[in-house]
Every structure is written in C-alpha cells, then in structure tokens.
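Visitor: Hi, I have a new structure open and I'd like a quick tour. Can we start with a single residue and work outwards?
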Amino acid sequence: MKLSNKTKVLEQGEMTLAERMYLPAIVGGMATTLKHFFSKPVTIRYPEQQRYLGPIYRGHHILKKDEQGAERCTACGLCAVACPAEAISMVAEERKKGEENLYREEKYAKVYEINMLRCIFCGLCEEACPKEAIFLRHDKMVPVFSTRDEVIYGKDKLVENMDQRYLRDGWK
Amino acid sequence: MELMNDVFTAKAIFIGIVFAITLGIAAYSTYFERKIAAFMQDRIGPDRAGPFGILQPLADAVKMFMKEDFIPANSNKWLFIAGPCLSMLTALMTSAVVPFGDTVTVAGVTFDLQGIDVNIGILWVFGIVSLGVYGILVGGWASNNKYSLLGAIRAASQNISYELAMGMSIIAILMLSGSLSTKAIVETQQAGHWNILQQPIGFVIFLICAFAECNRTPFDLPECETELIGGYHTEYSSMKLGFYLFAEYINMFISGAVMATLFFGGYDYPGYSFVAAQLGSNAAAFIGMGALIGKALLFVFVFMWVRWTLPRFRYDQLMGLGWTGLIPLSMFNVVVTGFGILIDQPILAGLGGIVILFVGLFVNDALSRKKKIA
C-alpha cells in the first residue's frame, strides 16, 4: 500500500521520430543558449562590487563604546566562556581615578584579544555579553591574512572608532 | 624570370599574412570560447587581463611557456615531441588551398589571393585532414599511457568513420562544380548561386562531420575528461599541450573557411560586382577576403555555440550516427544531386530531396510502429 498518493509512475514510451532524429531537440537547445547569450550576466565582480548581506551578517568584531566615548566592556569574561572555539582571551584591570571618561564600568579589559584563526563567527559572544559591548559587524569582514602574526586581533583593531561609529539597521 | 620572382614574393607575403591571421584567430578563439561560454551561462568570463580581458590569450601563452615541459620517463621521446608538431603542421597546411579572394594586382604584380591553386584542391584538404589524426595518434601512443592510447584510438576511428560521410557529401559538390579545384568550386558559386541552396542535406552532413573531424563537442570523445582524464594529451604539458589545443582552434577556423568555400560562395558576397565597379576589382577582392574570414568566424561561433549547448555523445551513438545515419544519408544526397543535374533543376531537386527524405522517414516510422502494436 502506498503511504501517500504523491508518487507518480512515469512511463517512458518509445521515442517518436522527431525525438530519434535529435535535430529538433538540438535546435531547441541552441535557441535556449542563444537566449541566455543575450541576457544580462548575474556575476557580481566581488572585490569591487559587494552584495548587501543583510543586517544580521556576522563579520568583523567590534568593541562598542557608549555615547560619551567610554568603553562598555567590563571584562566579565562571559564572551570567552561562551566562545565555542575558545578564541577570546582578556586581561582585566581596575579603573583608576580620572579614567571615568575612558571606561564606563569600574573594571575594564586591559587586553582583549580574538584569535581570528579560531573564531568561527558564530556570534555567541555577542549573545552572551551583558553590557552590549561586543558585536559582529554586518558591514565589514575580517580581511584575509597571510602570516600568523596578523591573526590575533587586539584592542587596537577591535575598539570602536568614535569618528566612524558602527550602526546596525534598526538601531537609533 | 623576373615575373616569376615577383609573383613568388607576393605569394610568400600573402601566405605569411594568412599564417598570421590564422594564428591570431586561433589565439583569440580561446578567449572568445571562454567569453561565449560565459555569456551562455549568464556569466562575464575573463575580464581581468586588460580591458574586457582582451589580453587573456597573451597571459595564457605566457603561462603555457613558463610551465615545466615534462616528458614521461617511459615515453617514446621523439614521437612524444613529434605528436604536437604534426598536429600543428597539418592544421596549418590546410589553409594553402583555401581561396581567400579573387585575383588582385598589387604593385604591378597580379596574383590570386590563394596559397596555391592546385587542380586537386579539395583532395588536398582531405589528405591533410586525414594526416591530422597522426598527430593525435602518435602523441597518444608515445605517451605510454593507457588513457592517452584510448583517446588516440578513439580519435583515429572517429576521424576515419566520419571522413566517409564527409567525402560523400563533397562528391555531390563535385558533381555540381565538375572540378576538384577549390577556386573553380568558388567560381561556380559567384553572384549568389551558393551551393547551400542546392545542397542543404550535404551541408548538414558536412557540418556534423566537421564537428567530428575537429574533435569538438558533441564528438569530443578523444579528450573526454570523464572517461579518459585528458584523452590523448593526458601526459602533455607546457607548450606541447598548447600546440594540441592551438591546432584544434586552427582546425576549427580552417574547417569554417572550407565550409564557407564549399557551401557559402567562398569570397562571394552580395553586391560583389557593384563594389568591383565602384572601387575597382582590388578592393572588391580584399573585401571578399574579409567576407570569407567573416563567414569562417561565423562557423567558429557555431562550433562554440554547439559546444556550450550539447552534451557529449556516447561512443556507440557516435559510431551509430556516423555509419548508419550519415553515410546512407550522404549516398541519398548524391542520388538526389544526380537527379537534379539530370533534370537541370538542382535547387528544386535539393528541396525535393528533403521532402522525400522526411516523407520516407515518416512512412517508415508509421509502418514500424504498427508492427509493434500488432
């Protein structure tokens, strides 16, 4: 018994004269290719042209600052714990007097490093962060590296630049 | 003899020009092959080397020359080197008898725009094309590799099989022109009396055979990657491989030129006599040369168009088509042509031949169908 009535039995009969002569089918096929010959190519010339990948694309990491320009990260280490690839490491430091404009919380990350060879861009650090400090940008990718020295990204490459703030679609 | 020397020099220069045109077209065929493939697949194709990738053949040539020229240890070294040389030689020799244009007078020297007008012109083409398979066979055998050998054997048997039907379709042309000379064949077609009008079946046969002779898709079984790695050129690298590939493109262009000569009036074009009256016969002849090359390039495009449309035949299908399809068809064509000459209405006979062929096929099909049901 059949479980559903979706199965169709195809019966291939004997080929007709036109089918056995090939030529009508060949002419039809050539018409199809000629049609495509004159249609517009779908190619995107990648390095020069880039396709919009959507507002939730997970690209280059960024350590956000708040509106006053103070770093949000408090070096709680939740991102490092959440990271399945163990790509994140950090060294915490207590905020000194006079550094309030630099760091929002009383503790901050003196060193914050992401190993880009380990990172799998899963975005779990972003989800784990209680301070909304780390994000994966949708508009920028981690560039290709050629030597292992370039692999570990420190705070110099990760912290947000206040002149070019990162805004995701839907944010104010 | 002063005159002979002048003609000799003029011919030498002309042959050099034809040589250069052939090689240039072959080089740029590789580029256009990739471009046409790309366009037919909705892509852009090579566009990095120069504007629109126009320098791509140069880059390919540099790549080919820079690669290691490898000769397998157990190969027959001399034959291994001779294979691609033979392929290239035979590919370039064919153009000698193609009439590129009518008689011109340049700097007081009158000569034909043709390498050599021999009275066995079309036989020369056939002889050289038959020799062309030696390049493949020698290369494939000398590689000492079973895949190469299989490819070579395939090439040889395929070329022999399709030469028969090709020869038969030529015989019909020869019956109309009454001469083997390519020049004479073109001259009988002047002023729009192109052979295609009288020989539609012959042209289709010749076209299919030309695909097989050039080892082009859908008959590219000698270099069938899915079965034979690279076929006869599996062991080849560097410019030796380049010669094989180059020879294929030259063959394409030359077979296009031969088809234009035999079926599409050669260097004839609409308004030839008008141009000759207005600008002189020299200009008309040179435009005719352009017309012939244009027709040949059109055939090169058809070759590529078919390549990017059709999948490869199976080997038994290839042999079946050649022996049981095209050879009887070409015999039928010879009979139809003979009848056309008898009643002095070759065009009518050509059309009638097609009608009779289709009616015959249809009746045969209907009859064989009834038998199966009963």
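This is a predicted model: local features need pLDDT of at least 70, side-chain atom pairs count only at pLDDT 80 or more; totals for chains, interfaces and linings use all residues.

Visitor: Is B:Ala12 buried or exposed?
Guide: B:Ala12 is exposed. The count is 10 other C-beta atoms within 10 Å, and exposed means 12 or fewer, so B:Ala12 qualifies.

Visitor: How far apart are B:Ala12 and B:Met252?
Guide: In sequence, 240 residues apart. In space, the distance from C-alpha to C-alpha is 24 Å.

Visitor: OK, zoom out. How many helices and strands are there in chain B?
Guide: Chain B has 14 helices and 2 strands.

Visitor: What radius of gyration does chain B have, and what would a compact globule have?
Guide: Chain B has 22 Å. A compact globule of 374 residues would be near 21 Å, so the two agree.

Visitor: What box do the C-alpha atoms of chain B fill?
Guide: Roughly 80 × 65 × 45 Å, taken along the principal axes.

Visitor: What percentage of chain B is buried?
Guide: Buried residues are 44% of the 374 in chain B.

Visitor: And the contacts in chain B, what share join residues at least 24 apart?
Guide: Take the contacts between residues at least 6 apart in sequence. Of those, 77% join residues at least 24 apart.

Visitor: What span should helix 8 of chain B have?
Guide: Helix 8 runs over residues 200-213 of chain B and should span 20 Å at 1.5 Å a residue. Its end C-alpha atoms are 20 Å apart, which agrees.

Visitor: What follows helix 8 of chain B?
Guide: B:Asn215, with a positive phi near 55 degrees. For background, most residues other than glycine have a negative phi.

Visitor: Which residue just after helix 4 of chain B takes a positive phi?
Guide: B:Asn144, at about 55 degrees. Helix 4 itself covers residues 121-142 of chain B, 22 residues in all. It reaches 32 Å from its first C-alpha to its last, close to the 32 Å expected.

Visitor: How do helix 4 and helix 5 of chain B cross?
Guide: Their axes come within 7 Å and cross at roughly 170 degrees. That makes helix 4 of chain B roughly antiparallel to helix 5 of chain B, because the angle is over 145 degrees.

Visitor: Which residues of the two helices meet?
Guide: From helix 4 of chain B, they include B:Phe126, B:Val133 and B:Trp141. From helix 5 of chain B, they include B:Ala152, B:Asn159 and B:Glu163. By class, this contact has 11 nonpolar, 7 polar and 1 charged.

Visitor: Now helix 11 and helix 12 of chain B. At what angle do the axes cross?
Guide: Roughly 140 degrees, and the axes come within 6 Å. That makes helix 11 of chain B oblique to helix 12 of chain B. The contact residues divide into 7 nonpolar, 2 polar and no charged.

Visitor: Next topic: how many residues of chain B are in contact with chain A?
Guide: 14 residues of chain B, against 11 residues of chain A. Helix 1, helix 12 and helix 14 of chain B each give two or more residues to that side. Helix 14 of chain B gives the largest share, 3 residues. The side of chain B that touches chain A has 9 nonpolar, 2 polar and 3 charged residues.

Visitor: Last stop, chain A. Where is A:Ala75 found?
Guide: In the loop between strand 1 and helix 3 of chain A. A:Ala75 has a positive phi of about 55 degrees although it is not a glycine. With 23 C-beta neighbours inside 10 Å, A:Ala75 counts as buried.

Visitor: And where is the place of A:Phe121?
Guide: In the loop between strand 3 and helix 4 of chain A. A:Phe121 also has a positive phi of about 55 degrees without being a glycine. A:Phe121 is partly exposed, with 17 other C-beta atoms within 10 Å.

Key:
Residues are numbered from 1 along each chain as its sequence is written. Chains are lettered from A and ligands numbered from 1 in the order in which they are written. Two residues are in contact if their C-beta atoms, placed from the backbone, lie within 7 Å. Helices (H or I, at least four residues) and strands (E, at least two) are DSSP runs, numbered from the N terminus. Ala, Val, Leu, Ile, Met, Phe, Trp, Tyr, Cys and Pro count as nonpolar, Asp, Glu, Lys and Arg as charged, and the others, Gly among them, as polar. The expected span of a helix is 1.5 Å times one less than its number of residues. Axes are lines fitted to C-alpha atoms, for helices over the stretch in contact, and angles run from 0 to 180 degrees between N-to-C directions. Angles under 35 degrees count as roughly parallel, over 145 as roughly antiparallel, 65 to 115 as roughly perpendicular and the rest as oblique. The radius of gyration is taken over C-alpha atoms; the globule rule is 2.2 Å times the number of residues to the power 0.38. A residue is buried if 20 or more other C-beta atoms lie within 10 Å of its own, exposed if 12 or fewer, and partly exposed in between; C-beta atoms are placed from the backbone.
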